[in-house]
Amino acid sequence: AARNMFHESLAKESTGINILNYAPGAMATAMTDTLRAKEELDDGLKDYFRGAYEKGEFIDPNNSANKLVNLVFSGDFENGKHVDYW
């Protein structure tokens, strides 16, 4: 909520620039690989990361980056508003 309010306020107070509040989604990275493998991790988090991986829910970082680039160059977003990868 604070992040959304920050970006909305920044958009209202700034002139001549567009503010994009982009959420890239849960991505398949070395970090998520490590979290799935950690036995010391909280059981709930471990189950989340392992389940998301098994269901193919992690996003390829290149896909998220491509969406971000397309959004920036197209300007197809509302200034200051939250945009999810999905």
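**Close-up 1. Length and ends of helix H4 in a predicted model.** At the start of H4, the backbone nitrogen of Asn62 has a side-chain oxygen of Asp60 within 2.7 Å, while just after H4, Gly75 adopts a positive phi of about 70°. This is a predicted model, in which local features need pLDDT of at least 70, side-chain atom pairs count only at pLDDT 80 or more, and totals for chains, interfaces and linings use all residues. Residues are numbered from 1 along each chain as its sequence is written, and side-chain values use heavy atoms, with hydrogens and water left out.

Close-up 2. Ser64 is buried, with a relative accessible area of 2% (buried means under 20%, exposed over 50%, partly exposed in between, with a 1.4 Å probe and protein chains only). Leaving aside neighbours within four places in sequence, Ser64 is in contact (heavy atoms within 4.5 Å) with Tyr22, Pro24, Met27, Ile59 and Tyr85.

**Close-up 3. Val72 and Phe73 in helix H4.** Val72 counts as partly exposed at 49% relative accessibility, whereas Phe73 is exposed at 71%. Not counting residues up to four places away in sequence, Val72 touches Leu20 and Phe77; the C-alpha atoms of Val72 and Asn21, 51 residues apart along the chain, are separated by 11 Å.

Technical notes
Helix = DSSP H or I, 4+ residues; strand = E, 2+ residues; numbered from the N terminus. Polar contact = N/O pair within 3.5 Å; in protein donor to acceptor, adjacent residues only side chain to side chain.
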